[in-house]
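User: Could you walk me through how some of the labels for this model are reached? I would like to see each value set against its cut-off.

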Amino acid sequence: MASIEIRKVAGKKSLEAFIQFHYDLYRGNAFDVPNLHADEINTLSKEKNAAFDFCEAEYFLAYKDGKVAGRVAGIINRRANERWGRKSVRFGWLDFVDDIEVSKALFKAVEDWGRSKGMAEIVGPLGFTDMDPEGMLIWGFDQLGTQFTIYNYPYYPEHIERMGGWEKDNDYVEYKLMVPGEVPEKYAKIAQMIETRYNLHVRKFTKREILKEGYGQKVFDVINETFKDLYGYSEMTPRQIHDYIRMYFPVLDLNLVTAIEDWNTPGHKIVGVGITVPSLSHALQKCNNGRLLPFGWWHIIRALKFKHTEGVDLLLMGILPEYRSKGANALIFSDLIPRYREYGYKWGESQVEMESNQNVQSQWGALNPINHKRRRCYVKPL
């Protein structure tokens with residue numbers, strides 16, 4: 001049996017091989033949605049990713065018969081470990097051929113590195129922060145992936161089960177939501193009531209307000225406060241927020257971004273936000289090796305600008321804790337659903353939600369939700 005060789009990624013050439021392996025392994029797969037090559041470079045490069053202010057990482061490649069057969073990232077998020085009182089090394093960017101010796105060697109590389117750094121457990125798949133894809137798909141393998149989640153072959157969790165020693169640490173669920181012909185009566189009535197009773201109102205932004213007048217920071221302040229108690233979350237730093245605003249808001253359709261303001265507060269405090277984007281799943285599948293050239297850019301533009309897509313991704317939705325019981329999310333839905341209808345969207349994807357987060361899942365009831373995917377984070381003591 002051929003031996004497995006593990007090599008650390010060192011330099012641009014081996015980082016390129018690390019990134020390229022996913023494109024090669026999933027080429028032609030109908031459900032995988034590959035990331036853009038440039039986004040992978042930005043995320044994995046220590047010089048470009050602000051998460052390296054509080055994270056450290058090593059990347060490993062597995063070789064069999066002289067060819068790349070697998071990859072994995074080992075990540076230590078010091079802020080998250082401190083916040084949650086854990087000594088965790090994370091694994092992410094995990095891909096491998098269907099060979100148990102390859103997957104064992106990859107996990108061993110991360111485990112050994114984690115032990116050398118004083119870590120007590122290995123957990124994942126997780127990225128540097130919650131802004132990265134997380135959770136291994138354990139069912140829903142026949143469902144189209146999204147730009148913001150991981151797709152993996154069914155044999156991935158099978159390998160983990162065969163290895164032994166791993167346990168479930170957290171499960172996520174995802175929902176497909178049907179865009180209704182009109183705003184459901186439940187949302188419309190609640191939205192009207194809370195505007196009158198609580199003086200909460202929808203706020204739409206201009207790009208100038210987001211980029212120049214500090215509203216981008218206010219939006220991410222809400223996200224930080226909303227998500228701070230969720231599994232494994234580490235609050236975004238000012239540098240991370242600055243980078244996200246600079247990278248993503250210029251290309252967002254702000255008609256699909258809705259905030260809620262409390263007009264009882266000085267300056268009309270933002271208390272909730274919904275950031276949704278056209279589904280780029282099919283467009284990204286048409287970008288050869290994740291590159292915009294020669295023709296990938298056209299498929300992206302068609303989805304973003306000309307609405308040549310049937311779906312919308314509900315990327316980030318958050319309501320400050322003290323406003324959730326007031327039904328503030330109904331204002332977001334009441335504003336966005338007519339816009340979805342205008343753009344011709346037929347369905348939406350909820351993105352990942354903790355299976356235990358019943359408050360979030362209950363809000364989808366009027367949209368005929370279908371729980372079509374489940375993914376898992378595993379943990380193992382070192």
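User: Why are α1 and α2 called oblique to each other?

Analyst: In this predicted model, helix α1 (residues 12-25) and α2 pack at an angle of about 135°, with axes 11 Å apart. Angles under 35 degrees count as roughly parallel, over 145 as roughly antiparallel, 65 to 115 as roughly perpendicular and the rest as oblique, so α1 and α2 are oblique. Their contact (heavy atoms within 4.5 Å) is made by L15, E16, F18, I19 and Y23 of α1 and H37, E40, I41 and L44 of α2.

User: What makes N49 buried or exposed?

Analyst: Its relative accessible area is 11%. Buried means under 20%, exposed over 50% and partly exposed in between, with a 1.4 Å probe and protein chains only, so N49 is buried. N49 is in the loop between α2 (37-44) and β2 (55-64), and touches N42, T43 and F128, leaving aside residues up to four places away in sequence.

User: How do you know which class E56 belongs to?

Analyst: E56, in strand β2, has 25% relative accessibility and therefore counts as partly exposed. The E56 side chain also makes a polar contact with the side chain of K117, at 3.2 Å; the cut-off for such a pair of N or O atoms is within 3.5 Å, one able to donate a hydrogen and the other to accept it.

User: Which conventions apply here?

Analyst: Residues are numbered from 1 along each chain as its sequence is written, and side-chain values use heavy atoms, leaving out hydrogens and water. As the model is predicted, local features need pLDDT of at least 70 and side-chain atom pairs count only at pLDDT 80 or more, while totals for chains, interfaces and linings use all residues.

Terms used. Helix = DSSP H or I, 4+ residues; strand = E, 2+ residues; numbered from the N terminus. Axes fitted to C-alpha atoms, helices over the stretch in contact; angles between N-to-C directions.
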